[in-house]
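Biologist: Hi! Could you walk me through this protein in plain words?
Modeller: Happy to, let's look together.

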Amino acid sequence: KLQNSCSGAIARQRKKLKELTLSLEDIWWFGPTLPQRTVNSIAEIEDSMKDRAHAFFEMEAFLPKKNGLYLSLVLGNVNVTLLNKQAKFAYKDEYEKFKLFLTVILFMFSFTCCFLLSYRVLDALFNFLLVWYYCTLTIRESILISNGSRIKGWWVFHHYVSTFLSGVMLTWPEGTLYQMFRNQFLSYNLYQSFVQFLQYYYQSGCLYRLRALGERHNMDLTVEGFQSWMWRGLTFLLPFLFFGHFWQLYNSMTLFKMFQLPECKEWQVVMCGCSYMVLFMGNLFTTLRVVYQKYMNNQDKSKRM
């Protein structure tokens, strides 16, 4: 009853904030004619509104909420909200360790398939492990988002595309075309696991420092990409990321060329090609957008100083 009452109060406060925002926008139309005292008062009100919105976000992280479509399909209408900070952080920490552990296993698995053993059954097990890994990530990330993690946008959709791609690779039958692409696919996964291993240690170090300084939320996660808070040490990670992005483009172009061959009968060729193209475009444009935004923010700060 208390939780429902608190949720209702927050909803009413959000509605009032929205109305106040619209009112302030109307006042700003008269900006040049407003006295300086009024301008300063409006600026203080806007700062207070931002603080209030942040407080609402923190409060809602501890209140039960309706599951999204994906969690509803997978888990049903189960309350996945953790009720204290220790439990939330422990779940987030376990998620990070899970990603690191599976990254090491996938690296060893892809190395074995690429250089030591060449069996279709082993390849199928590797692809099945990829499907299970990405499916598990999407479920865990949805639970983390319900508990206040701010991972969103492309990095969430990225795992859905990766799940689909791994599932298509799992169904690709043995044949000439599969063997043509097999080593390239395994080499790419080997490199991807290596980059994810680097990302984990680099990003976890950044997050640890920023949390200690109070600049990042305790539920922020490491992701398979570049984020604005990773600007320090930029030259270390970006070359690895861009090389991986363009390898995805190379995979896509290779598959599209294979699709044009007369002996190509498998639908998996064109579907994998489209999936890699989506991954390339999403990763590249998202990374470039974040870098550009961070660069512009730094330029604005320099001008103010």
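**A chat about the surface and the charged pairs**

Modeller: V104, F107, M108, F194, F197 and Y201 form a nonpolar patch on the surface, and together they have about 550 Å² of accessible area. A patch is made of residues with over 30% relative accessible area and no salt bridge, where like charges are joined within 9 Å and nonpolar side chains (Val, Leu, Ile, Met, Phe, Trp, Tyr) within 5 Å. Accessible areas come from the Shrake-Rupley method with a 1.4 Å probe, and for residues only the protein chains shown count as cover.

Biologist: Which elements give two or more residues to that patch?
Modeller: Those are α4 and α7. Helices (H or I, at least four residues) and strands (E, at least two) are DSSP runs, numbered from the N terminus.

Biologist: And F197, where does that one lie?
Modeller: F197 is in helix α7. F197 counts as partly exposed because its relative accessibility is 34%; buried means under 20% relative accessible area, exposed over 50%, and partly exposed in between (1.4 Å probe, protein chains only).

Biologist: Is this an experiment or a prediction?
Modeller: This is a predicted model, in which local features need pLDDT of at least 70, side-chain atom pairs count only at pLDDT 80 or more, and totals for chains, interfaces and linings use all residues. Residues are numbered from 1 along each chain as its sequence is written, and side-chain values use heavy atoms, with hydrogens and water left out.

Biologist: Okay, zooming out: how many helices and strands are there?
Modeller: The protein has nine helices and zero strands. Of its 305 residues, 43% are buried.

Biologist: New topic: how many salt bridges does a search of the whole structure find?
Modeller: Four. A salt bridge is a side-chain nitrogen of Lys or Arg within 4 Å of a carboxyl oxygen of Asp or Glu. One of them joins D123 and R182, with the closest N and O atoms 2.5 Å apart. That pair links distant parts of the chain, with D123 in helix α5 (residues 120-146) and R182 in helix α7 (residues 176-212), 59 residues apart.

Biologist: Are D123 and R182 buried or exposed?
Modeller: Both D123 and R182 are buried.

Biologist: What about E96 and K92?
Modeller: Their side chains meet in a salt bridge at 4.0 Å, N to O. E96 and K92 are separated by about one helical turn because they are four residues apart in helix α4 (residues 85-116). E96 and K92 are also buried.
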